[in-house]
Amino acid sequence: MSDWTDCLNFGLKVTKEASEIVLSAFHRQKEVKLKSSPADLVTETDQRVERVLISAIRDKYPLHRFIGEESVAAGERVVLTDEPTWIIDPIDGTVNFVHRFPFVAISIAFAVNKQTEFGIVYSVVEDKMFHAQRGRGSFLNGERQTASGQTDINRCVVVTEIGSERDDLALSTMTSNIFRLLKLPVHGVRALGTAAVDMCQVATGGADGYYHIGMHCWDIAASALIVTEAGGVVMDTDGSSFDMMSRKVIAASSSAVAVSISQVVQAFPCRRDDEDPARCVCGAAGVTAVNGV
Amino acid sequence: MSDPWQECMDHGVEITKEAGKMIRAALQKDIAVMQKSSPVDLVTETDQKVEQLIISSIRDKFPTHSFIGEESVAAGAPSILTDNPTWIIDPIDGTTNFVHRFPFVSVSIGFTVKKEIEFGIVYSCIEDKMYTARKGKGAFCNGAPIKVSGQQDISQSMVLTGMGFKKDPEQFKTILANVKTILTIPVHGIRSSGSAAVNMCLVACGSADAYYHMGIHCWDMAGGAVIVTEAGGVIMDISGGAFDLMSRRLIVASSRAIAERIAKEITEFPVGRDDTDG
């Protein structure tokens, strides 16, 4: 059985290096383009960070494959094969980045035989490096972390995101999900604006549950492993097994909490990430230039 | 001409730092949680200890001043604002976050004289960010000046609000209807940190463009209110009228245009007042 520790260490190194680009751009004026909706933003920094990461990794591992958010937006297919594959979100939380709202992450997952071997999420402004390697635990800045272990939904803080959809069905579904959760009741609902960092709150124990509909594989592939290696669980929003291409996820401190969330949360239709590339949501609506924020 | 309230403010900042240390120390230990009005209205011994620390230290130095503190009010003290110099204190804003170790927990102090806020202090103690503002002298985070984003266009804005406990579950419907309405404008996004004072400071430093909330208390708002206005932002009532510290509701924003648009879009629900309810 292969040990991917060298790849992990290389991944951590290039993540830290690429974060310099994000940090130095964070406080500057940004030129912003729209992707699929007026709230689905991309900047030149997203594109640059992805290029830098992919070229550094490709240089060292020329046979490895890539699934990167901005490459997909430019027309590449999302196909996860058995080959060693790096699944990259160069800036998770681009809206936050544009606004200088300080939760912005680089997310890298590495999968072999379609199984995630390690995950890296670096919350750049907070300087929090989360990582996990399959079977070897979950860490924040080198210190082992564990999920809260909470089993009672009524004592939970749940994190979620509304994302970039602005059509009525998506918004109605998402707000009614939060409504049903609040009524259970739960201790509270939070939203930080990045799926990767949100999910890492479950891994640290600071939150007990997270759910999201509409995000992409690159947003959650790394943090899903970071959560499970911290003793948490991941599943689909309908209670079935976690599927990183399904665009739905629940991450929680326990199965009991995950199941409780699945019982109140409904999904709206989303095309799978690995569906027909001509109908892939990212970039399908075209790109429009809008001047900076 | 010397500032009559600068000494108070300096003392306030010092005692707030001590309070922050107490909170961080408590986070290293197990937290025994009690309930106030319901299973999700939490209070801890640390809330109470921190408030005692702050009040006793201030009372020692300024024995004629008045206090409105969240935990004192919970214990039966009145929350009527008079003209007397008054310290309005939330020892832990974000108690739910504190209990869970969700990292936004702040100490908030607003100081009023003749019912006007003279200075505000908000210490986001896990992040170690000390926000301060003295009326007429600007707003600061860890000593560096901060200002609001200046955003005028609501469709380019990021909006904060609260999605926590309400005694009346009917209010959840209105809260979520408002969230949907705001998103539909559209806005860039909605966020929720779990601490009202931290949310206000995020607007003050330009990281978000607006924050609105119904159902918080004067002690949640008094510190952040002057920090936002001194950073160049606006504060108003949910209805679009003048801000009322005892009304249990507010909008803060980077510009009047954004605040007024939010006021126009939001449906209100009754939240009572801090100076009339028991």
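B:Ile227 touches B:Gly120, B:Ile121, B:Val122, B:Tyr131, B:Thr132, B:Ala133, B:Ala139, B:Ile146, B:Cys201 and B:Ala204, leaving aside residues up to four places away in sequence; contact means heavy atoms within 4.5 Å. The model is predicted, with local features needing pLDDT of at least 70 and side-chain atom pairs counting only at pLDDT 80 or more, while totals for chains, interfaces and linings use all residues. Residues are numbered from 1 along each chain as its sequence is written, chains are lettered from A in the order in which they are written, and side-chain values use heavy atoms, without hydrogens and water.

B:Ile227 is also among the residues with the most contacts inside the largest nonpolar core, together with A:Ile67, A:Ile87, A:Met199 and B:Tyr211. That core has 87 residues. A nonpolar core is a set of buried Ala, Val, Leu, Ile, Met, Phe, Trp, Tyr and Cys residues joined through side-chain atoms within 4.5 Å, buried being under 20% relative accessible area with a 1.4 Å probe, protein chains only. Helix H7 of chain A, residues 217–228, gives the core its largest share, nine residues; helices are DSSP runs of H or I, at least four residues, numbered from the N terminus.

The two chains also meet: 42 residues of chain A are in contact with 38 of chain B. Between them, chain A and chain B bury about 3300 Å², 66% of it on carbon and sulfur atoms; buried area is the accessible area (1.4 Å probe) that two parts lose on being put together, summed over both. A:His99, A:His187 and A:Arg190 supply 20% of the area that chain A buries against chain B, more than any other three residues.

Conventions:
Buried < 20%, exposed > 50% of the residue type's maximum accessible area, 1.4 Å probe, protein only. Helix = DSSP H or I, 4+ residues; strand = E, 2+ residues; numbered from the N terminus.
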